[in-house]
Amino acid sequence: MKNFSLLDVVKEADAFPYPATEPEHHNTIWKTLYKLVYKDENIVLGYMLSSTVQKLVQVPESVRGKVIVDEQSRTVHAFEQETEEERTAVVAAVMRYWRENKTFDVLRGWRDELWPVFGTDDEVVYSVERSATGMLGVMRYGVHMTGYVRDPTAPHGMRIWVPRRAADKSTYPGMLDNTVAGGLMMGEDPFECMVREADEEASLPEELMRQRVQFTGMVTYIYITDERAGGESGQIYPETQWVYDIELPADVQLMPKDGEVAEFNLLTVDQVRDELAKGNFKPNCGLVLVDFFARHGIITAENESDFQEIQDRMYRPLPFPGPHNAYRIAQSKSKGDGRS
């Protein structure tokens with residue numbers, strides 16, 4: 001039986017080794033990866049597995065376009081057509097080719113949702129099918145919300161709404177999740193995505209969401225998939241989540257709506273911590289809950305010995321372009337100006 005500390009919970013989501021503190025593990029994993037670069041080699045879009053690079057080269061050039069693999073620098077140049085539309089079309093053609101030829105199990109979870117791949121902090125260079133992002137090891141964006149109810153009789157004065165994922169989901173079936181969460185599609189505003197997902201997953205009215213939901217910041221980490229993610233293990237998932245809180249009235253009942261969730265339960269903080277220790281939460285959802293605990297003063301530097309490392313890992317600097325960088329810059333300027 002697992003007995004995770006809160007640092008263990010965060011490490012499960014932020015699993016990619018740090019060169020300064022985990023040099024051997026870092027060097028070992030780098031031997032299995034290539035950097036997916038875009039035009040200027042300083043622009044790294046993602047980390048691809050060696051096995052994926054080999055399969056990419058085997059795709060007919062008429063489908064994949066020009067691909068250059070540099071074994072010495074361990075870089076891959078691909079999808080560098082003239083326009084965003086052309087690049088997106090070539091990426092889609094490769095993914096369809098792999099899907100039709102059953103090359104990768106992960107593509108069995110095809111979602112028909114396009115996710116953006118950024119070449120700068122605000123420029124999308126192409127889009128990719130959601131289930132295929134791990135093939136390229138590119139940034140993934142989503143929204144996660146923790147819904148809670150004030151309860152002076154409960155530990156820490158609150159209870160948290162916790163859903164259980166449906167048993168037939170292709171990824172992390174039956175695991176516990178954040179109150180509402182979802183992936184950010186191409187061109188979608190994070191707040192509007194949060195409102196949409198709250199209705200679809202939890203039957204939360206739009207008016208209530210717009211009145212009460214609060215954006216609290218971003219979490220950033222690099223996950224490494226295992227068999228629970230569906231498909232091939234070991235894929236690199238650099239992720240940014242826009243994080244929201246909502247304090248809900250005691251008489252509001254969350255109800256599954258779209259089949260993604262099996263049930264909702266209102267748990268105390270102690271019960272949530274117990275489930276985290278057992279490893280029952282989807283990894284990134286566990287990290288978001290630890291962030292919630294830190295923001296609400298449930299864990300502090302005084303009562304949690306690993307507090308600083310937990311903080312560092314939940315807000316990890318990521319070596320990829322995208323809107324998360326603009327947010328970090330804005331936060332740094334705000335702190336420098338003395339604003340919270």
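User: At what angle do helix H1 and H10 pack, and how far apart are their axes?

Analyst: First, a caution: this is a predicted model. To read a helix pair, look at the angle and the distance between the axes. Helix H1 (residues 6–13) packs against H10 at about 135°, and the axes are 8 Å apart. Angles over 145 degrees would count as roughly antiparallel, and 65 to 115 as roughly perpendicular. H1 and H10 are therefore oblique to each other. Their crossing is left-handed.

User: Which residues make the contact of H1 and H10?

Analyst: H1 brings Leu6, Val9, Val10, Glu12 and Ala13. H10 answers with Pro283, Asn284, Gly286, Leu287 and Val290. Sorted by class, the contact of H1 with H10 has seven nonpolar, two polar and one charged residues.

User: How do the axes of H10 and H11 cross?

Analyst: Helix H10 covers residues 283–295, and helix H11 covers residues 307–314. Their axes come within 11 Å and cross at roughly 125°. H10 and H11 are therefore oblique to each other. The crossing of H10 past H11 is left-handed. On the H10 side, the contact uses Leu287, Val290, Asp291 and Ala294. On the H11 side, Phe307, Ile310, Gln311 and Met314 take part. The classes in the contact of H10 with H11 are six nonpolar, one polar and one charged.

User: Now strands. In what order do the four strands of the open sheet stand?

Analyst: Strands of a sheet pair through backbone hydrogen bonds, either parallel or antiparallel. Here the order is E2-E1-E4-E3, and the pairing is mixed. Strand E2 (40–49) and strand E3 (68–70) are at the edges. Each has a single partner strand, so one side of each lacks a neighbour in the sheet. On average, neighbouring strands of this sheet are turned by 30° against each other, direction ignored.

User: In which sense do E3 and E4 pair?

Analyst: Antiparallel, over three bridges, with strand E4 spanning residues 75–77.

User: How many residues of strand E10 are buried?

Analyst: Buried means under 20% relative accessible area. In strand E10 (residues 214–224), eight of the 11 residues are buried, so E10 is largely enclosed by the rest of the structure. E10 pairs with strand E11 (residues 236–247) in the antiparallel sense over 10 bridges. Look for tyrosine 221, which stands opposite glutamate 239 in E11.

Technical notes. Residues numbered from 1 in each chain as written. Predicted model: local features only at pLDDT ≥ 70, side-chain atom pairs only at ≥ 80, totals over all residues. Heavy atoms only, no water. Axes fitted to C-alpha atoms, helices over the stretch in contact; angles between N-to-C directions. Helix = DSSP H or I, 4+ residues; strand = E, 2+ residues; numbered from the N terminus. Parallel < 35°, antiparallel > 145°, perpendicular 65-115°, else oblique. Left-handed = near helix turned anticlockwise from the far one by under 90°. Contact = heavy atoms within 4.5 Å. Nonpolar A, V, L, I, M, F, W, Y, C, P; charged D, E, K, R; others polar. Buried < 20%, exposed > 50% of the residue type's maximum accessible area, 1.4 Å probe, protein only. Pairing = 2+ DSSP bridges.
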